[in-house]
Amino acid sequence: MGYTLGIDLGGTTTKLVAGDRQGGLIARKQLRTQPDLGFAQRAAEDFLAGAGIARQDIGRIVLTGVRTSFLTRPILNLPTFTVPEFEAIGRGGLYVSGLEEALVVSMGTGTALVMARDGTCTHLGGSGIGGGTLCGLGRLLLGESDMEKIGALAAQGRPEKVDLLVGDICRSDIPTLQLNLTAANFGKLASDATRGDIALGLVTLILQSVGRQAAFALEYTTVKDVVLTGTLALLQQAGEQFRLMGDLFGLRFHIPQRPSFATALGAVLCPKENQVEIQADG
């Protein structure tokens, strides 16, 4: 049957992977999502051509993501299936982390929280704060909407120029609140704050919001592992911010390799009984 082409059609970016049912990858690619109906077809064609994969080597195409509802016919005239996005998020997160149970947090355009354990993936909720927020506010405040460039700017920033810390308003640690924790994001914006300072404030605001969502979702459970997927996990500030969140809430945050492709890989790994075929007649 050949390889499976997994496609995660996100609101902002689309991720494509070619792999097998055991999770082995032979190629991957990420590109910006286009709104037209022919985008998925073009993206698949370009991906296979760029990776040097012949169409006959693909046995099936499995799609997930918010834009799959716009598809009405098979792609590349190959058997084409869709799987629920939350199922793909959960299965992909567990696979790339090597864990048997975890809260998988997909940090895409927005943020989705999926509890993956005991063979099931349950959507617990999420928020509209995510990569789209960073890009939009970056454009507004910095004139820059590229996430990687915002992260590079943030590496030059100083948190004390933007955020009000617990240590700014209290002389000693409060139980569960250390002095270096944020009391108010953008609560101490200095008149001489640089673009780097503002970029760091934006990144901190979004990553801390995601970390707190995860902590609140797990408050009354025994699960202590959180797998972070999506492009936001690639920000160089993510490791330090989630280490602080882990210390604060007693959780273990995991940033796997290639976190952007976890959901596309999860689509490949979803059992066939969870896949719905797109028929040629729509």
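Trainee: How are helix 2 and helix 8 oriented to each other?

Mentor: Keep in mind throughout that this is a predicted model. As a general idea, two packed helices are described by the angle between their axes and the distance between the axes. Here helix 2, residues 85-97, packs against helix 8, residues 262-269, at an angle of about 100 degrees, and their axes are 7 Å apart. Since angles from 65 to 115 degrees count as roughly perpendicular, helix 2 and helix 8 are therefore roughly perpendicular to each other.

Trainee: Which residues of helix 2 and helix 8 make the contact?

Mentor: From helix 2 the contact draws on A88, I89, R91, G92, Y95 and V96, while helix 8 contributes A262, T263, L265, G266, A267 and L269. Sorted by class, the residues of this contact of helix 2 with helix 8 comprise eight nonpolar, three polar and one charged.

Trainee: At what angle do helix 3 and helix 4 pack?

Mentor: Helix 3 (residues 131-142) and helix 4 (residues 147-154) pack at about 65 degrees, with 10 Å between their axes. That angle makes helix 3 roughly perpendicular to helix 4. The crossing of these two helices, helix 3 and helix 4, is left-handed. On the side of helix 3, G131, L134, C135, G138 and L142 take part, and they meet M147, I150 and L153 of helix 4. In the contact of helix 3 with helix 4 there are six nonpolar and two polar residues, with no charged ones.

Trainee: How many residues does the largest nonpolar core have, and which of them have the most contacts inside it?

Mentor: The general idea is that in soluble globular proteins, nonpolar side chains tend to be buried together. In this structure the largest nonpolar core has 37 residues, and those with the most contacts inside it are V105, M107, L134, V226, L228, F242 and F253. At least two residues of this core come from each of several elements, including strand 6 (102-107), strand 7 (111-117), helix 3, helix 4 and strand 11 (225-229). Helix 6 supplies the largest share of this core, ten residues.

Trainee: What does M107 touch, not counting residues up to four places away in sequence?

Mentor: With those residues left out, M107 touches V210, L228, T229, G230, T231, L232, A233 and F242.

Trainee: Where is L76 found, and is L76 buried or exposed?

Mentor: L76 is found in the loop between strand 4 (58-64) and strand 5 (80-82). Its relative accessibility is 3%, so L76 counts as buried, the cut-off being under 20%. The phi of L76 is near 60 degrees, which is a positive value in a residue other than glycine. N77, also not a glycine, has a positive phi of about 55 degrees, and N77 too is found in the loop between strand 4 and strand 5. N77, however, is exposed, with a relative accessible area of 75%.

Trainee: In which strand does D8 lie, and is D8 buried or exposed?

Mentor: D8 lies in strand 1, residues 3-9, and D8 is buried, with a relative accessible area of 6%. Leaving aside neighbours within four places in sequence, D8 is in contact with T13, T14, K15, T64, G65, T263 and A264. The C-alpha atoms of D8 and A40 are separated by 9.9 Å, the two residues being 32 residues apart along the chain.

How values were computed
Residues are numbered from 1 along each chain as its sequence is written. This is a predicted model: local features need pLDDT of at least 70, side-chain atom pairs count only at pLDDT 80 or more; totals for chains, interfaces and linings use all residues. Side-chain values use heavy atoms; hydrogens and water are left out. Axes are lines fitted to C-alpha atoms, for helices over the stretch in contact, and angles run from 0 to 180 degrees between N-to-C directions. Helices (H or I, at least four residues) and strands (E, at least two) are DSSP runs, numbered from the N terminus. Angles under 35 degrees count as roughly parallel, over 145 as roughly antiparallel, 65 to 115 as roughly perpendicular and the rest as oblique. A crossing is left-handed if the near helix is turned anticlockwise from the far one by less than a right angle, and right-handed if clockwise. Contact means heavy atoms within 4.5 Å. Ala, Val, Leu, Ile, Met, Phe, Trp, Tyr, Cys and Pro count as nonpolar, Asp, Glu, Lys and Arg as charged, and the others, Gly among them, as polar. A nonpolar core is a set of buried Ala, Val, Leu, Ile, Met, Phe, Trp, Tyr and Cys residues joined through side-chain atoms within 4.5 Å. Buried means under 20% relative accessible area, exposed over 50%, partly exposed in between (1.4 Å probe, protein chains only).
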